[in-house]
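Hello,

Here is the structure I promised to pass on to you. Have a look at it first, and then read my notes below.

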Amino acid sequence: MLTFDQAGFFTALHFVAGAPIEVFFGGWFAKMAAALVYSGMLVAYLEWVEDHEIAVPRGLSDIFDTLTYRERYEALVKHVGRDGLTGLLHRGSFDADGEAAVAACIRTAKPLSLLIVDVDHFKSINDRFGHAEGDKVLKSITAALIETVGSEDQVFRIGGEEFAILCPRPHSLAKLLGESIRNAVKTSGHTSRFNITVSAGVSTVGETTRCLADIFALADQRLYKAKSSGRDRVVGEPGSDANNRRAAPKTA
């Protein structure tokens, strides 16, 4: 390839400037030497730096993947759009995926609900026990969310202690999911020093909520209501099953 490149370059240079044949060989030798040095450096790097084992047998595709760092590129793509602490999709992904989900919901007439989940008294946890403990709380809640939601649900971290779940469910089932999340957090998020609870607001795509901004604003409004009415509760559409009702503790 370098030879053909040099031949084309020399031909043009010869007809334009009358370059002698020595220019062709001089340029050719220089390019061959540069290619040899680069090849040697690449071999040395793969031998002493890229020291992880590669599965055999090796084919042309394996060599291509190694030389182009395809595995690293694919891993980077996989983690783009994710929160560094929890590994959940972040706010940018929520905005893009949420708009697409709402559009698909309207197009197919299938249900779509949004839950916004917020950690109760999270600032006081950071203030009293430190941000490292706060990070542990967020990771604990992330684990509870992932364990509780369905395979078709999407979970996002959209703020410091705020999470969002897009789920293809009607409102009543989405609210039941919110209650399941609330109970899961209470069960798994207990420490010896404090209890962890969450509040949630639920909204669903409908006649008056036809875009992501609409359902987000409504869910956020209901989350505020959950916070102002005592926390540790899920607030959804007025009149929905068990609205604003917490699971009553069992008594002996």
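This is a predicted model: local features need pLDDT of at least 70, side-chain atom pairs count only at pLDDT 80 or more; totals for chains, interfaces and linings use all residues.

Let's begin with β4, where both faces are covered: Val198, Ala200, Val202 and Thr204 are buried on one side, and Ser199, Gly201 and Ser203 are buried on the other.

Which strands pair with β4? One partner is β1, which pairs with β4 in the antiparallel sense over seven bridges. To find this pairing on your screen, look for Ser113, which stands opposite Thr204 in β4. Another partner is β5 (residues 234-235), which pairs with β4 in the parallel sense over two bridges. Here Gly201 stands opposite Val235 in β5.

Two other strands make a hairpin. Strand β2 (residues 154-157) and strand β3 (residues 162-167) run antiparallel and are joined by four bridges. Val155 has Ile165 in β3 as its bridge partner. The hairpin connects β2 to β3 through four residues.

Now for a helix, α5. It covers residues 91-108, 18 residues in total. From its first C-alpha to its last, α5 reaches 25 Å, close to the 26 Å expected at 1.5 Å a residue. Just after α5 comes Ala109, with a positive phi of about 60°.

Which residues of α5 are buried? They are Ser93, Phe94, Gly98, Ala101, Val102 and Cys105. The spacing is worth a look, because an α-helix has 3.6 residues a turn, so residues three or four places apart point the same way. The buried residues of α5 pack against β1 (113-119), β2, β3 and α9 (212-228).

The packing of α5 on α9 has its own geometry. Two packed helices are described by the angle between their axes and the distance between the axes. For α5 and α9, the angle is about 115° and the axes are 9 Å apart. That makes α5 roughly perpendicular to α9. On the α5 side, Arg91, Phe94, Asp95, Gly98, Glu99 and Val102 take part, and they meet Leu212, Ile215 and Phe216 in α9. By class, this contact of α5 with α9 has five nonpolar residues, one polar and three charged.

Phe122, Ile125, Asn126 and Phe129 in α6 meet His131, Glu133, Gly134, Val137 and Leu138 in α7. The contact of α6 with α7 divides into five nonpolar, three polar and one charged residues.

Finally, step back to the whole protein. How many helices and strands does the protein have? There are nine helices and five strands. Along the sequence they follow the pattern α-α-α-α-α-β-α-α-β-β-α-β-α-β. The protein has 252 residues, and 35% of them are buried. Of the contacts between residues at least 6 apart in sequence, 63% join residues at least 24 apart.

Enjoy exploring, and write back with any questions.

Best wishes

Terms used. Residues are numbered from 1 along each chain as its sequence is written. Side-chain values use heavy atoms; hydrogens and water are left out. Two strands pair if DSSP finds at least two bridges between them. The expected span of a helix is 1.5 Å times one less than its number of residues. Buried means under 20% relative accessible area, exposed over 50%, partly exposed in between (1.4 Å probe, protein chains only). Contact means heavy atoms within 4.5 Å. Axes are lines fitted to C-alpha atoms, for helices over the stretch in contact, and angles run from 0 to 180 degrees between N-to-C directions. Angles under 35 degrees count as roughly parallel, over 145 as roughly antiparallel, 65 to 115 as roughly perpendicular and the rest as oblique. Ala, Val, Leu, Ile, Met, Phe, Trp, Tyr, Cys and Pro count as nonpolar, Asp, Glu, Lys and Arg as charged, and the others, Gly among them, as polar.
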